[in-house]
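User: I'd like to go through this model with you, one region at a time. Could you bring it up?

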Amino acid sequence: CVQVTDEFLEFSASVGNDLSTPFPEYMFPGLKNGDLWCLCAQRWVQAYQAGKAPKLYLKATHEKTLTYAPYDILRQFAIDGDETDKDLDDLNKQRERLGKLL
């Protein structure tokens, strides 16, 4: 999930995905700067390549996203990067302990 910016919303509309315009018939209020939105990995990468990628929440990002963008790039845009680093470190320690048991 991402925190949208005006820059991202303008980019998204320019490539045919208008997320700013409300669509009451679909109960969609339209997004504005600062709103949270779950975005597909391909669209995020498209925005990244155009220099318009929004910040993201790594802990709310599916691991399959790594097939589209490397972790190091995702980490640069992470709002929750420090928390994620700690969790990743804890997981790696657990993997190491499991490896010794097996």
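**Walking through the model**

User: Where does Leu102 lie?

Analyst: Leu102 lies in the segment after H4, where helices (H or I, at least four residues) and strands (E, at least two) are DSSP runs numbered from the N terminus. This is a predicted model, in which local features need pLDDT of at least 70 and side-chain atom pairs count only at pLDDT 80 or more, while totals for chains, interfaces and linings use all residues. Residues are numbered from 1 along each chain as its sequence is written, and side-chain values use heavy atoms, with hydrogens and water left out.

User: And is Leu102 buried or exposed?

Analyst: Leu102 is exposed, because its relative accessible area is 86%; the cut-offs are under 20% for buried and over 50% for exposed, with partly exposed in between (1.4 Å probe, protein chains only).

User: OK, going inside now. Which residues of the largest nonpolar core touch the most other members?

Analyst: That core has 20 residues, and Phe8, Trp44 and Leu56 are the ones in contact with the most other members. Such a core is a set of buried Ala, Val, Leu, Ile, Met, Phe, Trp, Tyr and Cys residues joined through side-chain atoms within 4.5 Å. Two or more residues come from each of helix H1 (6–14), helix H2 (41–49) and helix H3 (71–76).

User: What does Leu56 touch?

Analyst: Setting aside its neighbours within four places in sequence, Leu56 is in contact (heavy atoms within 4.5 Å) with Cys1, Val2, Trp44, Thr61, Leu74, Phe77, Ala78, Ile79 and Asp80.

User: Which residues of H2 are buried, then?

Analyst: In H2 the buried residues are Ala41, Arg43, Trp44, Val45 and Ala47, and the buried residues of this helix pack against strand E1 (2–3), H1, E3 and H3. Following H2 comes Gly51, whose phi is positive, near 75 degrees.

User: Where is Pro54, and what does it touch?

Analyst: Pro54 sits in the loop between H2 and strand E3 (55–56), and it counts as buried because its relative accessibility is 0%. Not counting residues up to four places away in sequence, Pro54 touches Val2, Gln3, Val4, Phe8, Leu39, Trp44, Ala47 and Phe77.

User: Switching to backbone: which residue has a positive phi although it is not a glycine?

Analyst: Met27 does, with a phi of about 60 degrees. Met27 is found in the loop between H1 and strand E2 (36–37), and it counts as exposed because its relative accessibility is 76%.

User: Charges next. How many salt bridges does a search of the whole structure find?

Analyst: The search finds 9, taking a salt bridge as a side-chain nitrogen of Lys or Arg within 4 Å of a carboxyl oxygen of Asp or Glu. One of them joins the side chains of Asp87 and Lys59 at 2.6 Å, N to O. Asp87 lies in helix H4 and Lys59 in the loop between E3 and H3, so this pair ties together parts that are 28 residues apart in sequence.

User: Are those two buried or exposed, or in between?

Analyst: Both are in between: Asp87 counts as partly exposed at 28% relative accessibility, and Lys59 counts as partly exposed at 46%. Lys59 and Asp87 are also linked with Glu83 in a network of salt bridges.

User: What about Arg75, which residue does it form a salt bridge with?

Analyst: Arg75 forms one with Asp82, the closest N and O atoms being 3.3 Å apart. Arg75 is partly exposed, with a relative accessible area of 23%, whereas Asp82 counts as exposed at 64%. Arg75 is also touched by Asp85, which contacts Tyr71 as well when residues up to four places away in sequence are not counted. Asp85 lies in helix H4 (residues 81–101) and counts as partly exposed at 32% relative accessibility; its C-alpha is 8.9 Å from that of Arg75, with 10 residues separating them in sequence.

User: And Thr84, buried or exposed?

Analyst: Thr84, also placed in helix H4, is buried because its relative accessible area is 10%. Leaving aside neighbours within four places in sequence, Thr84 is in contact with Leu58, Lys59 and Tyr71.

User: Last one: how far apart are Glu96 and Lys100 in the helix?

Analyst: Both lie in helix H4, 4 residues apart, which is about one turn of the helix, and they form a salt bridge whose closest N and O atoms are 3.6 Å apart. Lys100 is exposed, with a relative accessible area of 67%.
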